[in-house]
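This report follows the model one element at a time, with the sequence and the coordinates shown below.

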Amino acid sequence: MIAEPIIFWIMAVISVVAAILMVANRNPVRSALFLVATFLCVAVLYLALTAQFIAAIQIIVYAGAIMVLFLFVIMLLNLGAPQALRERGTIQPFAAVGLGLLFIIALLGSESLIRVPRPAAPANPDLGTVQSVGLNLFAPTLPWLFPFEVTSILLLVAIVGAIIMAKRRV
Amino acid sequence: MVPTSYYLVLSGILFTIGVIGVLIKRNPIVIFMCIELMLNAANLSFIALGRHFGQVNGQMYVIFALSVAAAEVSVGLGIIVAIFRTKETINIDEVNLMKY
Amino acid sequence: MLGQVAIIFPEYWAGIHLPSLVPYVALLGIIVFILAIVPGLIWIERVVIALMQDRSGPNRVGPRGLLQTIADGVKLFFKEDFRPRSVDIRIYYLAPVISMIPALAGGAVLPLQRLTFERPDGTTYQMPLMVGNVNIGLLYILAMSSLAVYGVVLAGWSSNNKYSLLGGLRGSAQLISYELSMGLSLLCVIVMAGSLNLDSIVATQNVLPPGIHSGFEWLRGSIFSWYWLRSLFVPVSIFTIAMIAETNRAPFDLPEAESELIAGFHTEFSSMKFAMFFMGEYAAMLTISGLNAAMFWGGWLPPLNIVPFTWIPGWIWFVGKVMFGIFFYVWLRATLPRLRYDALMALGWKRMLPLALVWLFVMAVVTLYFQPINATAARPVPPVQAQAAPAPRAASAPAPLPTLSAAAPPATKP
C-alpha cells in the first residue's frame with residue numbers, strides 16, 4: 001500500500017496524543033471521549049495492517065458499545081464535576097510519569113526487545129477479510145472453534161454476573 | 001511497508017500510557033479505561049505480528065481478547081455501581097474496607 | 001449486462017482512466033443527494049402528513065409551500081445562538097457534529113448502479129458505482145450507526161439539564177438496543193448472499209425467483225427474487241422496525257418527544273446547532289433507507305426484467321426505493337401513536353431479538369438444505385489451510401467484475 005507510512009504516522013501521533021490527554025484530563029467524560037478517539041485511530045491502524053474485519057469489529061464493539069457503557073455509568077453516577085475527586089499532593093504522579101518515560105526510552109533504545117527475528121511475509125490484503133477470518137475460526141482442524149463456543153458461555157456468565165452485581169438488594 | 005517494529009513501539013508507548021494512568025488516577029472508572037487502553041495496545045501488537053508472519057492467528061487472538069474485554073467491562077462496571085450505591089464515593093483512596 | 005440496456009463507457013477517454021474516477025463521481029452523487037434532498041424531505045414530510053390528516057400543508061411561501069424549508073432555514077440562521085452558561089462547551093458544540101457525520105459517512109458504501117466499461121480489446125466488464133467498494137461494506141454501515149449513538153448521549157449530557165440528560169440516556173439506550181435486532185436481521189440476508197459487500201448482495205438478488213427453474217426471463221431479478229421474499233418476510237419486518245427505532249423517528253421518538261421532555265436531548269440547542277441535529281436525523285433516514293433498499297428491495301434492480309423498466313438507469317431505481325422508504329417513515333409518523341419507553345425496550349429486547357435469532361437459524365437451515373430458494377448455494381467451499389486465507393477479491397483497488405451473461409447465475413465470490 002502506497003499510503004501506509006502516512007496513515008501510520010498520522011494515526012500514531014493522534015492516538016498517542018489522545019491517550020496522553022485521556023490520562024491527564026480530570027473530567028471523566030472527556031477522558032472517555034479521548035479514549036474513543038484512540039480506539040478510532042487504532043481501528044484505522046488495523047485497516048493499515050490489512051485486518052479489515054477486526055477494524056470494523058473494533059469500532060462496533062469497543063467504540064460503539066463498551067465506551068457507551070462507560071459513558072452511561074459516568075453519567076448515571078454523576079461524576080462529571082471535576083471537584084468530586086481531588087488528588088492528594090503526593091509524589092506518586094511524578095514517579096509514575098518518570099518511570100513510564102524511562103520505560104519508553106528503554107523500549108526504543110533496546111533493539112532486542114522490538115526486533116522481530118523473521119523477515120516479514122509478503123503483503124496479502126486477503127489476510128483479514130471476513131471470509132478468511134470466518135473459515136479459520138470455524139475450521140475443524142484448527143484450534144479456534146472451541147474457544148469461540150466457550151466465549152459465548154463466558155459472555156452469558158458476564159451478563160448474569162453484571163446483573164447480580166448491579167441490582168438493588170430488595 | 002511500515003516495519004513491524006514501529007507498530008510494536010507504538011503498542012509499547014500506548015501500554016505505558018495506560019500503566020501511568022492506572023497508577024495516577026483516583027477514579028476507578030478512569031482506571032478501567034486505562035486498562036482498556038492497555039488491552040488495545042496488546043491487540044495492536046498481536047495484529048502487527050500476525051501481519052508480519054502472514055498468519056490469521058493474530059486476529060484470532062484479538063477476537064477473543066475483545067470479547068473477554070467486553071465481558072470484563074460489564075462485570076467491573078457493575079461492581080463499581082454497587083460500591084457507589086453503598087459508599088457514595090468511589091475515590092479509591094477511600095474505598096479501603098479490606099485494609100483492616 | 002444484468003438484463004439492463006447499459007451505456008458502455010470506454011476505459012480510457014481523452015487519456016483519463018475512467019474507472020478510477022468512478023468513486024469520486026459516486027461521492028459527488030451521494031453528497032449532493034443527501035445534502036440537497038434533505039430540504040425537499042422536510043417539505044415532503046410536512047405535505048404528506050398534512051394530506052393524511054386532511055388539511056393542507058405549507059401553502060404560504062412559494063408554490064405549494066416549496067420554499068417553506070428555505071424560509072425555515074433562514075429563520076434558524078438568524079435566530080440567536082445562545083448557550084446556557086454552565087454547559088460543557090466543547091462537548092456542547094461537538095454533539096451536533098457527531099450526530100451528522102456518521103449519517104453522511106454511511107452513505108459511502110451504498111451501491112448506486114453498475115457501470116459497464118469496455119477495454120481496448122473489446123471485452124467489457126462491470127464496476128459498481130459506489131464510493132467504497134470494500135468487502136466489509138455492511139460492517140462499515142453498522143459501525144457508523146454505532147457511532148451515531150454518541151451524538152445523542154453527548155447532547156443530553158452537555159446540556160447540564162436533567163430533562164435533556166434523561167432524554168439523551170433514554171435515546172442512546174434505545175439506539176443500542178435496536179442495533180442488535182438490526183444486525184441480526186441483516187445477518188439473515190448475509191447467510192443467503194454470502195458476502196458483506198452491498199453491491200454483491202444486490203447482484204445475488206438478480207436471479208430467478210425461488211421455485212422457478214427455467215423460462216420466465218422477465219422474472220430474473222424481479223421483485224419476487226429480492227430478499228424481502230427470499231428471506232421469508234420476517235427479516236425485512238424486523239429491519240424496518242429497527243430502522244425506525246435507530247433514527248429516533250415516530251413511533252419511537254420518545255427521547256425527543258415534544259410533549260414529554262420539552263424537546264428531549266436537543267432542548268438547549270438553538271439555531272444552527274438544532275438545524276444540524278435535524279439534518280443529521282434526515283441524513284440518517286436516507287442512509288438507512290438506502291441500506292434497506294440495497295439489502296431487501298433489490299438496490300438498483302428494476303421490479304420486472306422487461307423492456308420499459310430496463311431502460312431506466314439503475315440509480316433512478318435505487319433513489320426511487322429510498323424515496324419510498326422515506327414515504328414509509330412519514331406515513332408511520334402520521335399514523336401511529338408514540339410507544340411508551342418501557343414498551344419500546346420490551347419490544348426491542350423481548351420480542352424482536354429472539355425472533356431475529358430464531359430466524360437466523362431458520363435461514364441457515366434453508367440455505368443449507370433448500371437449493372431453489374438460495375440460488376448461490378452451488379458455489380464450492382475452498383479447502384481450509386492452516387495459515388493462509390482463501391482468495392476472495394482484494395479490498396484495495398476496485399477490481400473489475402466478470403462479464404455476466406443473462407442466462408448464467410452471477411458468479412459470486414467463493
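## A hairpin in chain C

Strands β4(C) and β5(C) form a hairpin with five residues between them, and in the turn C:G122 has a positive phi of about 100 degrees. Helices (H or I, at least four residues) and strands (E, at least two) are DSSP runs, numbered from the N terminus. This is a predicted model, in which local features need pLDDT of at least 70 and side-chain atom pairs count only at pLDDT 80 or more, while totals for chains, interfaces and linings use all residues. Residues are numbered from 1 along each chain as its sequence is written, and chains are lettered from A and ligands numbered from 1 in the order in which they are written.

C:R114 stands opposite C:P128 in β5(C), and C:T116 has C:Q126 of β5(C) as its bridge partner.

## The sheet around the hairpin

β1(C) and strand β4 (residues 114–118) of chain C run parallel and are joined by three bridges. Along this pairing, C:F9 stands opposite C:F117, and C:P10 stands opposite C:E118.

## A buried glycine in chain C

In the loop between α10 (271–296) and α11 (307–310) of chain C lies C:G299. This glycine counts as buried because it has 29 C-beta neighbours inside 10 Å; a residue is buried if 20 or more other C-beta atoms lie within 10 Å of its own, exposed if 12 or fewer, and partly exposed in between, with C-beta atoms placed from the backbone.

Not counting residues up to four places away in sequence, C:G299 touches C:P111, C:V202, C:A293, C:A294 and C:F318, where contact requires C-beta atoms, placed from the backbone, to lie within 7 Å. The C-alpha atoms of C:G299 and C:Q205, which are 94 residues apart along the chain, are separated by 8.9 Å.

Chain A has seven helices and zero strands. Of its 170 residues, 36% count as buried, and among contacts in chain A between residues at least 6 apart in sequence, 53% join residues at least 24 apart.

Between the two chains, 56 residues of chain B are in contact with 67 residues of chain A. On the side of chain B that touches chain A, the elements giving two or more residues are α1 (4–24), α2 (28–53) and α3 (57–87) of chain B, and the largest share, 19 residues, comes from α3(B). By class, this side of chain B has 39 nonpolar, 14 polar and three charged residues, with Ala, Val, Leu, Ile, Met, Phe, Trp, Tyr, Cys and Pro counted as nonpolar, Asp, Glu, Lys and Arg as charged, and the others, Gly among them, as polar.

## Helix α3 of chain B

With 31 residues, α3(B) reaches 44 Å from its first C-alpha to its last, close to the 45 Å expected at 1.5 Å a residue; the expected span is 1.5 Å times one less than the number of residues. Its buried residues include B:G58, B:M60, B:L66, B:G76 and B:I80. Among what covers the buried residues of α3(B) are α3, α6 (130–137) and α7 (145–166) of chain A, together with α2 of chain B. The helix is followed by B:E88, whose phi is positive, near 65 degrees.

Key. Two strands pair if DSSP finds at least two bridges between them.
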